[in-house]
Every structure is written in structure tokens, then in C-alpha cells.
Amino acid sequence: MATLVDFHCHLDLYQEPGAFASARDSKAYVLSVTTTPSAWRGTLARSGDCRRIRTALGLHPQLAHVREPECGLFEELLSQARYVGEIGLDGSDEYRMHFGSQMRVLERILRACSRVGGRVLSVHSRGASAEVLDVLERHSNAGVAVLHWFTGTKSELRRAVDLGCWFSVGPAMLATKRGRELATQIPRNRLLTETDGPFAKVGGQPLQPAHVGQAVEGLSKVWRTDTESVQEGVLGNLRELLRAAGIDGR
Ligand code: MN
């Protein structure tokens, strides 16, 4: 059986202990994203020597207004991190007031990524799809962007595809009709699965990497195909993404 892929999970933010251990036990490939540069080293250390878990260096847009001073630390650590995330913009009502700070942080991160090259980026775009695409277009050498839990319009999705973006899709997105409709528009060779745990929940329970099979099941219904071929397709996509970014995925 092919291995599962959870390309966006916050292992360091679960209330209950044991998220790292259960991620290791899940046998899934996990992109463990962080929300502040100061969390990166500790989160990396907690994944131990598990090669299936990769730790991304991030500065979450919802924290940009308080963590902007950590941009220097981000730049310092970037030479050690091939994966970057969670980064992006959040245009929802609670965070729109900090959009200026979010934009400065994202621009600075993408400039740093362009200088080093070869990065894979896990990107948040809630309520700001068009703005995120504008920024990515201006920084076309920043790396391969994977738009996580994309909630834009169909035309924004087409634009993202044209810009070379990838997408990570989770059970929470596939639980809504609109999310499923968007998922049908994503090219199957640009798609990865994710949980976005512990923020994303199903039945009130935070999702863990072991639950990413729910995304595979959701996609198999959307695409009217069996779960095994979805899983194999996603794993093949992960290999292709790493190849495109020049990362040794072994
Ligand atoms: Mn997230």
C-alpha cells in the first residue's frame, strides 16, 4: 500500500502530548509547518531523526503584526530549511487590519527565498487569494508554492495553476460543497493531501496526520476513483514536487 502524505500539519500546536510520536507511527510523510521562526529549531528537534517528517520554517500571517521582528531570524535560519511555511496573507475580518504588516513580512520572506532558491512553500491565502497570487507573481523565483486549503474563486484557481502553484487539500476543505467543487478544478498532478491539524477538525476532534486518509477518501469520491489510485497519485506528486524543487526526497 502506498504511503500517505500530510503536507500541512502543526505538530507543535496540539494540546495533547504525543503528536510527534503519533506522526512517526502514522508512517505518513508529514510537512510539519511552524508559525514563528523562533519555534523552528525546537519543532525540528522534536521530530527526531524521522525522515518522513520535514519541518518547515514559517511566519504565519495571523502573527505577522506581533512577530515581524523575527524576520531577521527567519533569514538567518533559511539556509538550513528547504521547506518554508506557514506563510502567506490573511484577509479575513480579524486580520485585515494588519494587512500592511503581513505584506511586509511575506515580501521579505519571498525575497529571502528567491536569493537562496530551491524552496517549497506552504502558503495560507484565506480571504486574500488574489493578493497572494499577486505577490507570488512578483516573486516568481521564490520557489514552488503549495496553496494550502485554497478558498478562492474558480478563476483565481485557474490563475494559480497558470502561475505554477500546487495545492494541498484536506478533509475539512472536502467537507464543504464549495471545497469539493474547487478540488475538482485542481489538476490532479498538482495536488497533495493535508490535515492542517490541530486547527482543522472533523466531528470536533483535531485532525492528526494519521487521519489524512480521510482526504484520500474524499478525493476518491470527488474523482470517482478508488482510494489506492488517489494515494499512489499523491505520492507520485510529492516525488515530482521534490524533484522540481531539487530536493532529495529519499
Ligand atoms: Mn495551518
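## Manganese site

Which residues are the protein donors of the manganese ion, and how far from it do they lie? In this predicted model, the donors are His 8 and His 10, each through NE2, together with Glu 86 through OE and Asp 196 through OD, at 2.2 to 2.4 Å from the ion.

Across the whole structure, 11 salt bridges are found. One of them pairs Glu 75 with Arg 108, with the closest N and O atoms 2.8 Å apart; because Glu 75 lies in helix 4 (residues 71–77) and Arg 108 in helix 5 (residues 99–116), the pair ties together parts that are 33 residues apart in sequence. Glu 75 is partly exposed at 30%, and Arg 108 is partly exposed at 31%.

Within helix 9 (residues 177–185), Lys 177 and Glu 181 are four residues apart, about one turn of the helix, and their side chains meet in a salt bridge at 3.1 Å, N to O. Lys 177 is exposed, at 58% relative accessible area, while Glu 181 is partly exposed at 31%.

## A further pair

Arg 67 and Glu 70 also form a salt bridge, their closest N and O atoms being 2.5 Å apart. Here Arg 67 is partly exposed, at 30%, whereas Glu 70 counts as buried, at 14%.

How values were computed
Residues are numbered from 1 along each chain as its sequence is written. This is a predicted model: local features need pLDDT of at least 70, side-chain atom pairs count only at pLDDT 80 or more; totals for chains, interfaces and linings use all residues. Side-chain values use heavy atoms; hydrogens and water are left out. Donors are N, O and S atoms within 2.8 Å of the metal (3.2 Å for Na, K and Ca); water is not among the atoms, so sites may look incomplete. A salt bridge is a side-chain nitrogen of Lys or Arg within 4 Å of a carboxyl oxygen of Asp or Glu. Buried means under 20% relative accessible area, exposed over 50%, partly exposed in between (1.4 Å probe, protein chains only). Helices (H or I, at least four residues) and strands (E, at least two) are DSSP runs, numbered from the N terminus.
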